[in-house]
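Subject: Structure handover

Hello,

Here is the structure for you to look over. My notes follow below it.

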Amino acid sequence: MRGLVYVAIALGLTIVFGMLRLVNFAHGAFYAIGAYVGLVVAGRFGLVAALIAAPVAVAAFAVVFDRVLLRRFYDKEPTSQILVTFGVAIVVEETLRLIFGSSTLPFPIPDAISGSFNLGFASYPAYRLLFAAGIILVVVAVWYFIEGTDYGLIVRAGVRDRTMVQLLGGNVQLASTIIFALGAGIAGLVGVAASPIYSVDPNTGFSFLVPSFVVVVIGGLGSFWGAVLGGLIVGELGSLTTLLFPAASDVVIYVAMAVVLLVRPQGLLGESEVIKG
Amino acid sequence: MKDLRFYALTALGLVLFPFAIHPIGGYGGLATQILIVGIASIGFNLLLGYAGLLSYGQAMFYGLGAYVALLTVSRFFPQHPNFWLAIALAVTFVSLVAVAVGMLVVRLYGIYFALLTLAFAQMSYFLVFKVFDNLTQGDDGLQGIASPPLALGPWSIDLTAPLPALALGPFGDLSDIHYWYVFVAIVTFGVIAFSRTLTRSQFGEVLGAIRENEERSRFVGFDIARYKLAAFVIAGALTGLSGALRGLYETSAAPDILTVDTSGNFVIYTVVGGVQTLFGPLLGTGLVMYLQNVISAKTDAWRLIEGVIFVLVIVFLPGGVLGTLEKRRAGRRNIVTNALRTTPAEALPAAGEATR
C-alpha cells in the first residue's frame with residue numbers, strides 16, 4: 001500500500017524533473033498541504049469534496065510558488081533551485097504546524113466505505129481497494145496525458161529541446177507551469193486519499209518525500225515507468241522486510257538504492273544522460 | 001606579513017567573541033556551541049562553496065561523530081576514557097564512511113548528489129535508531145557520558161571547569177567561560193587556517209575550476225571524481241570532528257541529530273552566512289543560532305522565521321550576508337580587479353552598481 005503512495009509522489013517528482021530539470025524538495029510539502037486542506041474540507045463537506053478541493057488548492061499554490069519564486073531561479077544553477085524549494089518546504093511545514101499543531105490528527109473514513117471487501121481468498125478493507133484503484137487510475141491518466149495528447153507532445157519535445165519547441169511556436173513556459181501544477185496536484189490528491197490510512201501530521205510530507213527520492217533514484221530520475229516500477233519495488237521491499245526482520249524495514253530501501261547505484265547508476269529505467277547533466 | 005595580520009585578527013576575534021555576545025543576550029555556552037557547529041559549516045562550505053556539491057546528508061557525519069566519540073568513552077574503552085582517543089576514533093570512522101559513501105555519489109550529477117546524500121543520511125539515521133539500538137540505546141540515545149579530561153602532557157584539564165572569576169561589566173564575568181570554549185576556539189582557529197590554506201592551494205583552484213566548468217576541467221586532464229571525493233571526505237571529517245566535540249560537550253547524543261533537519265541546518269547556516277567566503281559559514285552559524293536562542297525563548301514560530309529568513313537570503317542576497325558585503329566592497333574598490341576576480345556573469349552587475 002505504501003508502495004502506491006510512493007508511486008504517486010514519485011510520479012510528480014519525476015515528471016517535474018523531466019520537464020523542468022528541477023528536483024523539488026517542496027514536493028512533500030505539497031502532499032502535506034493536500035492532507036490538511038482535505039482534513040478541513042472533508043470535515044465540512046465530505047471526502048469527495050476534499051478529493052476535489054485539495055488537488056486544486058495545491059496546484060494553485062504550486063502555480064503561485066512557480067510564478068513568484070521559482071521563476072527567478074530557472075536560469076540559475078540547479079543547487080540554488082534545490083535550496084529555494086527546501087526553504088519553501090520548511091515555511092510550509094512550519095506554517096501547518098502553527099495552524100494545526102504538532103500532534104497527529106485522525107482522518108476518519110466515511111461509513112459508506114469503511115467496511116471490508118470479501119475477495120474470496122481474503123477480506124480487505126474497502127477503502128484500501130478504492131485507494132489502490134484510484135492511484136492506478138491516476139497513473140494511467142497521467143500517462144495518457146503525456147503520451148496521448150497534443151499537449152503531452154509539447155511536454156515531451158520540451159524535455160528534449162526547449163529552444164527548438166519554443167522556436168516552433170510551442171509554449172514551453174506554459175507547459176512547464178502545467179506540469180509543475182499537475183505534479184503538485186497529484187501530491188495534493190494523494191495527501192487527501194492516503195490520510196485515512198496514515199493519518200496526518202506536519203512531518204508527514206517529508207516522511208514520504210525521502211523514500212520517494214529513493215524511488216526515483218532506483219527507477220531512474222525523469223522516467224515515468226521508472227517511478228512506477230521503483231515505487232512498487234520500494235513498497236514491496238519494505239513490506240517483506242517488516243515481516244522478516246522488522247528493525248531493518250526502514251533501511252532496506254537505501255541498501256537497494258546503493259546496489260542500483262553501483263550496478264546501474266542511471267536507475268533501472270533511466271537514461272544515462274540524466275546523471276551526468 | 002598579511003598572513004600574520006590575518007591570523008592575529010582571527011585569534012583576537014575568537015578571544016573577544018564570547019564577551020561580545022554577552023551584552024546582546026548571548027552567553028559563554030552559546031559561544032562554544034556556535035564554534036562547534038561552525039566547524040561543520042566550514043567543512044560544508046568547502047563542499048558547497050568550493051566544490052559546488054550540495055550535500056543534504058551532513059547529519060550523517062555529524063551524528064556518527066557524536067555517537068562514536070561517546071561510545072569510545074562509555075563502551076569501547078570504559079576503563080581508560082581518553083578525550084583524544086574519542087576524537088580520533090570518531091574522525092577516523094566518519095572519514096571511512098565518507099570514503100565509502102563518496103565513492104558511490106561523487107560521480108553523479110549535482111541534483112542526484114543532493115538526493116543521494118539525503119538518502120544515505122536517512123539510512124544512517126535508521127541504522128543508528130533501529131538496527132544497532134543495542135549499542136546506541138535506540139530512541140533514548142546515549143545519556144550522561146561525562147567527557148574525559150583533556151590530557152596534555154603532564155596536565156589533565158577538566159574542560160567543564162570555568163575560568164577564574166573576574167567581573168567584566170556588561171561583558172559578563174570571565175567565569176562564564178569554561179575551558180571548553182578555550183579548547184574549541186583553538187580547534188576552530190586551526191580549522192579556519194586549514195580552510196584558508198586549502199582554498200588558496202592548487203587543490204582549491206582545481207575544485208573551483210570543476211565547479212565553474214566540469215567538462216573543461218575534465219578535458220584539461222583533471223581526475224574530477226578524485227578531487228570531488230577528496231572534498232567530500234575532508235568535509236565529512238570536519239563534520240565528524242564537529243559532531244564528536246558536540247557529543248562530548250553535551251555529554252549525550254540522540255537519534256534526532258541524524259535527521260534531515262540537522263543536515264538542513266548546515267545548509268541554512270552556510271548559505272545565510274555566505275558560501276565561498278572564509279568566514280561566511282561561521283558568521284551564518286553564529287547569526288542563526290543566536291537568533292534561534294533569542295527568538296525561540298519568546299515564540300514557537302522560530303523555525304518558520306528561520307525558513308523565511310533562509311528564503312529571503314536566497315532570493316535577495318544570493319551570496320549570503322558576507323558574500324554580499326564583500327561584493328559591495330570589492331565593487332566600490334575597483335571595478336577592474338572585481339571583474340578579474342569574478343566570472344564575467346557575476347562581474348557585470350557588480351560593475352554596474354559601482355558606476356551608478
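A residue counts as buried if 20 or more other C-beta atoms lie within 10 Å of its own, with C-beta atoms placed from the backbone. On that basis, 49% of the 356 residues in chain B are buried.

This is a predicted model: local features need pLDDT of at least 70, side-chain atom pairs count only at pLDDT 80 or more, and totals for chains, interfaces and linings use all residues. Residues are numbered from 1 along each chain as its sequence is written, while chains are lettered from A and ligands numbered from 1 in the order in which they are written.

Chain B first. Chain B has 16 helices and 2 strands (DSSP runs, numbered from the N terminus: helices H or I, at least four residues; strands E, at least two). Its radius of gyration, taken over C-alpha atoms, is 21 Å. The globule rule (2.2 Å times the number of residues to the power 0.38) gives 21 Å for 356 residues, so chain B is as compact as a globular protein of that length. The C-alpha trace of chain B spans about 65 × 55 × 45 Å along its principal axes.

Now a helix pair in chain A. Helix α5 (residues 126-148) and helix α8 (residues 172-198) of chain A have axes that come within 10 Å and cross at roughly 165 degrees. Axes are lines fitted to C-alpha atoms over the stretch in contact, with angles running from 0 to 180 degrees between N-to-C directions. α5(A) and α8(A) are therefore roughly antiparallel (angles over 145 degrees).

Regards

How values were computed
Angles under 35 degrees count as roughly parallel, over 145 as roughly antiparallel, 65 to 115 as roughly perpendicular and the rest as oblique. A residue is buried if 20 or more other C-beta atoms lie within 10 Å of its own, exposed if 12 or fewer, and partly exposed in between; C-beta atoms are placed from the backbone.
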